[in-house]
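Please keep the sequence and the structure at hand while reading.

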Amino acid sequence: MDYSAEDAFELYGDMVLRLAIARTGNRQDGEDLLQEVFVRYIRSGALFDSEEHRKAWLIRTTINCAKSLAVSAWKNKIVTLEDCIADTVSPEQGEVYYAVLSLPPKYRTVVHLFYYEEMSTKEIASVMGCADATVRSLLTRSRKKLEKMLKGAEF
Amino acid sequence: MFKDDYKACNDKIKTDEQLQARVKAAMGDRSFRLNSQYRGKMFYFTRVGIPTIAGLIVIALVINFCSAALWVSRIVKAGELKNYGSYTELYEDVADSQLVEGRPQFFGSSFGREEFFVSPPSLYEDFEDIVRPEGSPETPASGNYSGTNIQVEGVDEGDIVKTDGRYIYVISGNSLRIIKAEGAEMTSVSSTPLSFENQNDNCEMYVSGDRLALICSEGEYDEKGVWFPYTVTELYDISDRSAPVLLKTLKQSGTYVTSRMNGGILYTVSERYIYTSAFEKEDYVTYVPRITRGDSLEYLPSEDIYSCVGRSFSTQRQYQVITSCSIAGDGEFLSEKAVLGQSASVYMNAENLYLCMYNGLSSEEKGEATDFSTLVKFSVSDGTLEKQGAVNIPGKALNQFSMDEYNGYFRIATTVDRYTVEKQMYWNGVMPCFYDMTAFLSQTNGVYVLDGELNIIGQVTGLAQGEEIYSVRFQGDRGYVVTFYQTDPLFEIDLSDPEHPKVTDALKIEGVSDYLHSFGEGLLLGIGRNGNQSGLTAGVKLSMFQVNSQGENEEIARYVIPNSNWSEGLYNHKALLIDTEKGLVGLPVEANTRFKYMIFQYSEEAGFIRKGTVSFPTDNWDFSEKARGLYIDDVIYVVFTDVGIKACDLETCKELQAVYF
């Protein structure tokens, strides 16, 4: 169970980066967030009961840090959504990703954890610190919005 | 299938070698500094440069040009705060910025335009008939209960939990809960589902008499499928606490930034982004901010939209929309303005509202450039917002506490970054193009004193080379600034002579304070993170500084919360409960990967004593979202917004009662 922080980074770096970009909406903030999460990981000296616990801690910390990033007032917000997408995925593959990024942050988080990390709504509720019902309603609303944007998409 | 497509997009996102090296270096570097160090522009370019090697030369070049123009934004000219005569004028201004940003600068030809080059941030004048409104800040309502931890006495700030001394109001998930609190007895009075979706955790409220205002970020898709965010303010009549009645819903363009309430008038700031993909001259909705007027949404008149000439191009893509409305009134906006600019920190007292907007880099001079911000001032007499002027200030402000107005003088502390600027040439496949390559050079900090007409009349610069500001607090004639690299100097600045401010002390201690709060005569409370000689270590830290104006400040007490790694109070002052008279400090803490609320008692003799810890039983690693502490008479109430409230004895912190939502 106990391995070095670098190993944890090898194992979970991509996971955190993907969530960080989904959450912040752009690669640069996502990278900063990734760094912050792992610095916090090493500093917290947290001990984990299980791999699930470790993973949940990282997801939770990513969401937490994203919030503080969002309130950091002088944060450069001058990179446009288009730039971000261009920077994240190539344009022709970006339609689905673009649609997700255009959702509000909390929706993006739920969609990402559900569809990419394949977590259950209960697990998502647990890491986000809200009720299962809230997650389910966020998912339903996200789907509606996505359906509108991605005509004919199947969920 | 959506899932497969979404997975495929995400699978392409990977940490590359460079990013891996950067994060690993940061993990190994104990003196790692949060946030900004690696926000260096160089990384941005190098990273964008990688697809170039991968063969996507043309795309990369386009991105490079855009980024170059984004980062080294040039000042058009030193100017004033002007408003627009028509939407067409506004459109052309905004369109111009997009054009310039997207356009490769052939052979540097656009550098030739005279107005591109002016001296770095300079001040300018445009102030007619400045009338200072009469009147003093209202005194807070009497009664022995705690309000939200605010910056300026009498000017309330919104939060997710409020009390009026009889009831506790909580934004809990998607409902507004009202709980009657009589000593240990707590009774749930009502739970009203919010009519909008609390989607960003970005909702706050105010309570004033029998009225309650809820402010929240919302948004909708227009017919083109573009997300248009707006800020909703809902006014409720709560004269019957068991059945709040929604009186009026007000909307304004943009996501919610912040708000204040003074004298029953609510001031709300939102940030509206202009999407480049949906931007049409005839289609005002794509670039003109809107507000509720009566039952419909109306465009802000062009004369109420301001542009700070002297801003950089890139900042023209966003508005700060400012409105005022009376919480007791009929729910119409009293006054509304918009300013082109980004990322505002907002300071407001009884008389004025200041927006400090980060502006990017000043024009390059001798291969160097510094960043700067534009400060915009509006007077706020009885809800009427009136333009007073604007000025450019070197550097960037950390947050609202970086600003203060006292005795007619405005003070601001900023961190100034310097960059080297190098002209680079690229072959775009057709012709050579130029852009500016910037690299982080150095960092320094300064405090500036401005008079009522926004002239910089005094300054202290060059504070803490190579460090950046972590927290600021102005207290009358004194200013306290914490900068940080490895250890934490607490600077004391004597501002009693506004034209000649001077540093009177620089106390070096380990760790850093992220929040400063005047704790009665001669005392300053710091809440931050622990550290040693070589940088930050784990642990949320409480410090008490003795500040005696003699230049001999010292840390007289310190408490490091064991196994803690995080507190919302580190970045949001409203999460803190601080009562100077009672010597009380309360804050939410994540420790041992568990979430709890901790209460401390400070006394001169004993220092900080942990009075109590309140938590709710949760699953193994379940975290609650937010927690707030407040007291009414001799009971302290700890609210976990998604879970419930616990009432504890103020003296002993013994748990008296709990209610669950």
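The sections below treat selected helices, sheets, loops and a cavity in turn.

## Basis of the report

The structure is a predicted model.

## Helices of chain A

Helix H8 of chain A covers residues 132–149 and has 18 residues. From its first C-alpha to its last, H8(A) reaches 26 Å, which is close to the 26 Å expected at 1.5 Å a residue. Its buried residues are A:Val135, A:Leu138, A:Leu139, A:Ser142, A:Lys145, A:Leu146 and A:Met149. Viewed down the axis of H8(A), the buried residues fall within an arc of 135°, so they line one face of the helix. In general, an α-helix has 3.6 residues a turn, so residues three or four places apart point the same way. The face of H8(A) turned away from the buried side carries A:Lys144 and A:Lys148, which are exposed.

Helix H7 of chain A, residues 121–128, has six of its eight residues buried, so the rest of the structure largely encloses it. The buried residues of H7(A) are A:Thr121, A:Ile124, A:Ala125, A:Ser126, A:Val127 and A:Met128. Helix H1 of chain A, residues 5–24, contains A:Ala5. With a relative accessibility of 16%, A:Ala5 counts as buried, because buried means under 20%. A:Ala5 and A:Tyr41 are 36 residues apart along the chain, and their C-alpha atoms are separated by 7.6 Å.

## A six-stranded sheet in chain B

Chain B contains an open sheet of six strands with mixed pairing, in the order E1-E15-E17-E16-E12-E11. Strand E1 (81–83) and strand E11 (255–262) of chain B stand at its edges, each with a single partner strand, so one side of each has no neighbour in the sheet. On average, and with direction ignored, neighbouring strands of this sheet are turned by 25° against each other.

At one end of the strand order, seven bridges join E11(B) to strand E12 (residues 265–273) of chain B in the antiparallel sense. B:Tyr256 has B:Ser270 in E12(B) as its bridge partner.

## A four-stranded sheet in chain B

Another open sheet of chain B has four strands, in the order E26-E27-E28-E29, and its pairing is antiparallel. Its edge strands are strand E26 (468–475) and strand E29 (502–510) of chain B, each of which pairs on one side only. Neighbouring strands here are turned by 20° against each other on average, direction ignored.

E26(B) pairs with strand E27 (residues 478–484) of chain B in the antiparallel sense, over seven bridges. In this pair, B:Glu468 stands opposite B:Phe484 in E27(B).

## A hairpin and a covered strand

Strand E30 (residues 512–518) and strand E31 of chain B run antiparallel and are joined by six bridges. B:Ser518 stands opposite B:Leu524 in E31(B). The hairpin of these strands has four residues between them, and in it B:Gly520 takes a positive phi near 85°.

Is strand E31 (residues 523–532) of chain B mostly covered or mostly uncovered? E31(B) is mostly covered, with nine of its ten residues buried.

## Positive phi in two loops

B:Ala464 has a phi near 50°, a positive value in a residue other than glycine. The residue lies in the loop between strand E25 (456–463) and E26 of chain B. B:Ala464 counts as buried at 15% relative accessibility.

Phi of B:Asn563 is also positive, near 60°, and this residue too is not a glycine. B:Asn563 belongs to the loop between strand E33 (554–561) and strand E34 (564–566) of chain B.

## Cavities

How many cavities of 30 Å³ or more does a search of the whole structure find? The search finds eleven. The second largest cavity holds about 120 Å³ of space.

Residues lining the second largest cavity include B:Glu220, B:Phe228, B:Pro229, B:Tyr230, B:Lys251, B:Gln252 and B:Ser253. Among the others in the lining are B:Arg272, B:Val285, B:Val288, B:Arg290 and B:Leu297. Strand E9 (227–237) and strand E10 (245–253) of chain B each supply at least two residues of this lining.

How values were computed. Residues numbered from 1 in each chain as written. Chains lettered and ligands numbered in written order. Predicted model: local features only at pLDDT ≥ 70, side-chain atom pairs only at ≥ 80, totals over all residues. Heavy atoms only, no water. Expected span 1.5 Å × (residues − 1). Buried < 20%, exposed > 50% of the residue type's maximum accessible area, 1.4 Å probe, protein only. Arc of directions from axis to C-beta. Pairing = 2+ DSSP bridges. Axes fitted to C-alpha atoms, helices over the stretch in contact; angles between N-to-C directions. 1 Å grid on protein atoms, 1.4 Å probe; cavity = no way out; pocket = protein on both sides within 12 Å on 5 of 7 lines; lining within 4 Å. Points joined across faces, edges and corners; volume = space filled by probe spheres on them.
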